[in-house]
Every structure is written in structure tokens, then in C-alpha cells.
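Please keep the structure open while reading.

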Amino acid sequence: MLKLKDTGRLTKNITSDITGDILGKENSLVIIEKWTDKKHLIVTDTETKQTFKIKEENINIDYPDITELYIQDLINKGWKESELTKVI
């Protein structure tokens, strides 16, 4: 059975500590890959295609019914369904 991965929106730009490059853009939709602890998670920005660690407070979590609409939009933009869903 496939389940949609959780998504959220960034509340601010996320930059690399080393290069200063923008890894995630404010208001970008991100796919939540996993939680590393209670306050940090690994996400992939759907615009920049970068994966990075982020604090929970820098993301707004979307409701599941909205997530499904975002997922379908990303599939239409060329993302593979396997990148956006997980097997449970």
C-alpha cells in the first residue's frame, strides 16, 4: 500500500552554512523525508531539489488533503510518484 509523504512549506530561506547558497526557498513546498529527532527533520525542496536538515519551527505542515493536491501537481511537473510516496 502506498502512502503520500508528508509535506510542508518553508517559513524562511534556508542557506548552506558552508557556501551560503540557498538550499530551500521561503514558501517552497518541501517533502519531509524523515525526522532525525523531536525538533529536526530532513526535507527535500521541490523547487531547488536540495535535501537538507531543518528545524521544525522553520516549516509549516500542510493538511493531508492539501498534500494530495500538491503531490498530483508535482507529478504533472515531472516528479516520479516513487519520490513522493512511501510503502507502508
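## Thr-51 and its surroundings

Leaving out residues up to four places away in sequence, Thr-51 touches Ile-42, Val-43 and Thr-44. Thr-51 itself is found in strand β7. The model is predicted, and Thr-51 counts in it as partly exposed, at 48% relative accessibility. This class applies because partly exposed covers the range between the buried limit of 20% and the exposed limit of 50% relative accessible area.

Ile-31 lies 20 residues from Thr-51 in sequence, and the C-alpha atoms of the two are 9.1 Å apart in space.

## Overall fold

The chain has 2 helices and 9 strands. In sequence order the pattern is β-β-β-β-β-β-β-β-α-α-β. The radius of gyration of the chain is 13 Å, close to the 12 Å given by the globule rule for 88 residues, so the chain is as compact as a globular protein of that length. The C-alpha trace spans about 40 × 30 × 20 Å along its principal axes.

Of the contacts in the chain with a separation of 6 or more, 46% are accounted for by residues 24 or more positions apart. Buried residues make up 34% of the 88 residues.

## Surface and charge

The accessible surface of the chain comes to about 6,000 Å², and 49% of this belongs to carbon and sulfur atoms. There are 14 positive and 16 negative side chains in the chain. The centres of these two sets lie 4 Å apart.

## Strand pairing

Strand β2 (residues 7–10) and strand β5 (residues 29–35) run antiparallel and are joined by 3 bridges. In this pair, Thr-7 stands opposite Ile-31 in β5. Strand β5 also runs antiparallel to β6, with 5 bridges joining the two. Here Val-30 stands opposite Asp-45 in β6, and the two strands form a hairpin with 4 residues between them.

Strand β6 (residues 40–45) pairs in turn with β7 in the antiparallel sense, over 5 bridges. Val-43 stands opposite Phe-52 in β7. This pair is a hairpin too, with 5 residues between β6 and β7.

## The two faces of β7

Along β7 (residues 51–55), Phe-52 and Ile-54 point to one face and are buried.

## The loop between β6 and β7

Thr-48 is found in the loop between β6 and β7. Lys-49, in the turn of this hairpin, has a positive phi of about 65 degrees.

Is Thr-48 buried or partly exposed? Its relative accessible area is 22%, so Thr-48 is partly exposed; the limit for buried is under 20%. Leaving aside neighbours within four places in sequence, Thr-48 is in contact with Ile-22, Leu-23, Gly-24 and Lys-25. The C-alpha atoms of Thr-48 and Ile-31 are separated by 12 Å, and the two residues are 17 residues apart along the chain.

Methods
Residues numbered from 1 in each chain as written. Predicted model: local features only at pLDDT ≥ 70, side-chain atom pairs only at ≥ 80, totals over all residues. Heavy atoms only, no water. Rg over C-alpha atoms; globule rule 2.2 N^0.38 Å. Buried < 20%, exposed > 50% of the residue type's maximum accessible area, 1.4 Å probe, protein only. Contact = heavy atoms within 4.5 Å. Areas by Shrake-Rupley, 256 points an atom, 1.4 Å probe, with all protein chains shown as cover. Lys, Arg positive; Asp, Glu negative; His and termini not counted. Charge placed at Lys NZ, Arg CZ, Asp CG, Glu CD. Pairing = 2+ DSSP bridges.
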